[in-house]
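Please look over the chain below with its helices in view. The paragraphs that follow go through how some of them pack.

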Amino acid sequence: MTSDFTETQLMIRDTARKFAQERLAPGAVERDEHERFPTEEIRELGALGFMGMMVPEKWEGSGLDTVSYVLAEEEVSRVDASCGVIMSVNNSLVCYGINAYGTEEQKTTFLKELASGRKLGAFALSEPEAGSDASNQRTTARRDGNRYVLNGTKNWTTNGSTADLVLVMAATDPARGSKGISTFIVEKGTPGFEVAKKEKKLGIRSSDTVSLSFTDCPVPAANRIGEEGDGFRFAMKTLEGGRIGIAAQALGIAQASLDASLAYAKERKAFGHPIAELQAIQFKLAEMATQVEAARALVLKAARLKDQSVPYGTAAAMAKLFASRVAVQSALEAIQIHGGYGYVQEYLVERYLRDAKVTEIYEGTSEIQRIVIARSLLKDA
Ligand code: CAA
């Protein structure tokens, strides 16, 4: 595969791999165990240019393509999937959203800070009653002169308590359903904006996932992204790219499961020989490697379509659907190969399973990806 990449793409992949092994690996277990947010590690990823990879240099991003981004995302997630999701949300939801749809003023004020890694962003679409049914927004934004007043609750917000700003989807005209939603940049410290609850999670435990509450929270009208009513389309378009990021995160977890399985199979002896000599183990390894390569091909296809500026939403949904399933299956097989050692914390593979599962849930469950794919198939049929 490597011959398909440019020198820059290979350099980005190697830089990410080195950083992940040297800086992320040593503390990953402790951060997971104590649910400790990787503040310093994310600051360093920002200094490397990995928090605003696809943002033009004019806005202090790295001006790279989506292929470079997925290569970096895979390498980071291969070692620490919590860092992977923090990076993915900032890059492909927050930075992308402001870069593609924000005003010059918003880019000057907010995008430079986010793309350089000096600040961190979050994306708040989900609500207690609006998960898969994302247009069922209950959070409202009422116009009041040159500002909006936000009221409501957001759920499952990645980076929610650590972010300096949050992109919030809210109903400006509730009667209009998906056409009555708008997007706002809400800064930390705005009166009435609070972290309501920090979730205790199965996996990606060192990333923070919170619910947010807005009570008569005033947001300048200048912080609205796009026109009133454009918020749902904004969320859907932004999530198309987000799903490529999560697919790359899943790919990283799958690759890590294969790496661990290969190493263990060669090291572990049973019946007088390394278990790698047993066909039962070889078949598992062969199957995992094939699935991982297929997932990588789908992730790269979606990334390349995005780089060519042609529609990529269906390819992104396919990549996420497939790569997330491969991540879960690979982690399960890795545990099986490790036997009892796979079920305890001494080896890393139990964390891979815990981290893998959420890739089938966030940024659209696997069921939602199937809906997106089927609708596009039927539209084109
Ligand atoms: N691009 C542009 N427009 C789109 C679009 C897209 N990808 N998808 C939908 N739209 C438009 C439609 O064309 C439609 O407009 P018209 O009425 O003018 O035709 C409008 O939006 C409404 O679309 P639908 O009728 O298709 O809406 P729906 O209610 O049936 O929902 C859905 C569609 C695909 C199920 C959508 O709700 C969805 O994607 N749900 C999942 C939400 C999700 O992914 N949440 C993730 C939260 S963020 C997160 O997880 C981040 C994190 O922290 C890690």
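The model is predicted. Alanine 276 sits in the loop between strand 10 (273-274) and helix 7 (279-307).

Next come the helix pairs. Two packed helices are described by the angle between their axes and the distance between the axes. For helix 6 (residues 231-267) and helix 7 the angle is about 155°, and the axes lie 9 Å apart. Angles over 145 degrees count as roughly antiparallel, and helix 6 and helix 7 are therefore roughly antiparallel to each other. Their crossing is left-handed. On the helix 6 side, the contact is made by Gly241, Ile244, Ala247, Ala248, Leu251, Ala254, Gln255, Ser257, Leu258, Ser261, Leu262 and Ala265. Helix 7 meets them with Ile281, Leu285, Met288, Ala289, Val292, Ala295, Arg296, Val299, Ala302, Ala303 and Lys306. By class, the residues of this contact divide into 17 nonpolar, 4 polar and 2 charged.

Helix 8 (residues 313-338) has 26 residues. From its first C-alpha to its last, helix 8 reaches 37 Å, close to the 38 Å expected at 1.5 Å a residue. Glycine 339 follows helix 8 and has a positive phi, near 60°.

Helix 8 also packs against helix 9: their axes come within 8 Å and cross at roughly 160°. Helix 8 and helix 9 are therefore roughly antiparallel to each other, and the crossing is left-handed. Here Ala327, Val328, Ala331, Leu332, Ala334, Ile335 and His338 in helix 8 meet a set in helix 9 made up of Val349, Glu350, Tyr352, Leu353, Ala356 and Lys357. The contact of helix 8 with helix 9 has 10 nonpolar, 1 polar and 2 charged residues.

A further pair is helix 3 (residues 66-79) and helix 4 (residues 81-101), whose axes come within 6 Å and cross at roughly 155°. That crossing angle makes helix 3 roughly antiparallel to helix 4. Helix 3 contributes Tyr69, Ala72, Glu73, Val76, Ser77 and Val79 to the contact, and helix 4 contributes Ala81, Cys83, Gly84, Val85, Met87, Ser88, Asn91 and Ser92. Sorted by class, the contact of helix 3 with helix 4 has 8 nonpolar, 5 polar and 1 charged residues.

The last topic is charge pairing. Side chains of opposite charge can pair when their charged atoms come close. Counting a side-chain nitrogen of Lys or Arg within 4 Å of a carboxyl oxygen of Asp or Glu, the model has 28 salt bridges. One of them joins aspartate 32 to arginine 354, with the closest N and O atoms 2.8 Å apart. Aspartate 32 lies in helix 1 (residues 7-34) and arginine 354 in helix 9 (residues 349-357), so this pair ties together parts that are 322 residues apart in sequence.

Notes
Residues numbered from 1 in each chain as written. Predicted model: local features only at pLDDT ≥ 70, side-chain atom pairs only at ≥ 80, totals over all residues. Heavy atoms only, no water. Helix = DSSP H or I, 4+ residues; strand = E, 2+ residues; numbered from the N terminus. Expected span 1.5 Å × (residues − 1). Axes fitted to C-alpha atoms, helices over the stretch in contact; angles between N-to-C directions. Parallel < 35°, antiparallel > 145°, perpendicular 65-115°, else oblique. Left-handed = near helix turned anticlockwise from the far one by under 90°. Contact = heavy atoms within 4.5 Å. Nonpolar A, V, L, I, M, F, W, Y, C, P; charged D, E, K, R; others polar.
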